[in-house]
Amino acid sequence: MLPWKRLLRPLTALLLTAVVAVVPAATAHAAAPSWGSPLLERSRELGGGWNDYSCKPSATHPRPVVLVHGTFANSIDNWLTFAPYLVNRGYCVFSLDYGQLPGVPLFNALGPIDKSAEQLQVFVDKVLTATGAAKADLVGHSQGGLMPRYYLKFLGGAAKVNTFVGIAPDNHGTTLDGLTNLLPYFPGAEDLLSAVTPALADQIVGSAFLTKLNAGGDTVPGVHYTVIATKYDEVVTPYRSQFLTGSDVHNVLLQDLCPVDLSEHAAIGLIDRIAFHEAANALDPAHATTTNCASVFS
């Protein structure tokens, strides 16, 4: 007999999925912000200078940084701390919205992940055109640390990206602490998930999307990969499934840098300056400094 608390959790998830299905009918005239929308441009004020298309990369930081948000997030709220962190260090920083469902504002990264990768492809090209740079660097949180791998592997992104940093990425899917194993006990649940929120279905261990993405190896030549994970991740489980295998991969466990850091899945991408410091090291390894607990003050 399954404990009732564990049974309620997948039921709650399914209820949330159903709510998402209802939202479009209630907000049919709303639209998620596009890369050039007033809401996205507002981030220039909110975030202290990111999404500034007049920004020209410096000799010190010659590549623009594109930030890729996670599931249910958007180009602003996911990066209110990290984008200014990079801007203050002299980077040209940009963020996009992707994976929108029709009529669902603000909550993005819910559409098919391969289609979201196509949106990233277009956005990176626009950033490179605006900045005059030959390549960009990518930093993604959660699904944002997974989706760009499709762009790199199948959409020509490897020729346009130098470094890719994934913060708490679900590179090999997630079991949600074993809860996805309960889906077969609820007839129609998997079909509902795939139909209503395809990105959620794509991120479950063993999905067709992940099988295609990881076939033949995790990485592609020419791109420097860094993965930053926390052992307290309650969303991408088991947390070590986040790590990549390849010849140019740097896998980092946050608690190896600072044992007392208790950040979980959301915090590591939203507010954790230790993770930010390690990400900045990956973007500029020539000027990297030791990441430790004191990095919260850097």
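User: Where I look at C258, how should I read its relative accessibility: is C258 buried or exposed?

Analyst: The general idea is a set of cut-offs: a residue is buried under 20% relative accessible area, exposed over 50% and partly exposed in between, with a 1.4 Å probe and protein chains only. C258 has a relative accessibility of 3%, so it counts as buried. Please keep in mind that this is a predicted model, in which local features need pLDDT of at least 70 and side-chain atom pairs count only at pLDDT 80 or more, while totals for chains, interfaces and linings use all residues. Residues are numbered from 1 along each chain as its sequence is written, and side-chain values use heavy atoms, with hydrogens and water left out.

User: Which residue forms a disulfide with C258, and how far apart are their sulfur atoms?

Analyst: A disulfide is a covalent bond between the sulfur atoms of two cysteines, and here it is assigned to a pair of cysteine sulfur atoms within 2.5 Å. The partner of C258 is C293, with the two sulfur atoms 2.0 Å apart. C258 lies in the loop between α9 (254–257) and α10 (265–270), and C293 in the segment after α11, so the pair ties together parts that are 35 residues apart in sequence. The torsion about their S-S bond is about 100 degrees, which means that this disulfide is right-handed.

User: How many disulfides does the structure hold, and what is the pairing of the bonded cysteines in sequence order?

Analyst: There are two disulfides, and the pairing, once the bonded cysteines are numbered along the chain, is 1-2, 3-4. C55 is joined to C92, with an S to S distance of 1.9 Å. The torsion about the S-S bond of C55 and C92 is about -80 degrees, so this disulfide is left-handed. Because C55 lies in the loop between α2 (38–46) and β1 (65–68) and C92 in the loop between α3 (82–87) and β2 (93–96), the pair ties together parts that are 37 residues apart in sequence. C92 counts as buried, at 1% relative accessibility.

User: How should I read the side chains of β2, and which way do they point?

Analyst: In a regular strand the side chains alternate between the two faces of the sheet. In β2, V93 and S95 point one way and F94 and L96 the other way, and all of these are buried. Helices and strands are DSSP runs numbered from the N terminus, helices being H or I with at least four residues and strands E with at least two, and two strands pair if DSSP finds at least two bridges between them.

User: What can be said about burial in helix α11, and which residue caps its N-terminal end?

Analyst: Ten of the eleven residues of α11 (residues 273–283) are buried, so this helix is largely enclosed by the rest of the structure. The buried residues include I274, F276, H277 and E278. The cap is D272, which has a side-chain oxygen 2.9 Å from the backbone nitrogen of I274.

User: Where does Q203 lie, and what does its side chain make polar contacts with?

Analyst: A polar contact is a pair of N or O atoms within 3.5 Å; within protein, one must be able to donate a hydrogen and the other to accept it, and residues adjacent in sequence count only if both atoms are side-chain atoms. Q203 is found in the loop between α7 (198–202) and α8 (208–214), and at 7% relative accessibility it counts as buried. Its side chain makes a polar contact of 3.3 Å with the side chain of T71, and a polar atom of that side chain lies 2.9 Å from the backbone oxygen of A199.

User: How confident is the predictor in the chain, and where does pLDDT stay under 50?

Analyst: pLDDT is the predictor's confidence in each residue, from 0 to 100. Its mean over the chain is 84, and 78% of the residues reach 70 or more. Over residues 1–47, however, pLDDT stays under 50. Where pLDDT is low, the predicted coordinates should not be read in detail.

Key. Contact = heavy atoms within 4.5 Å.
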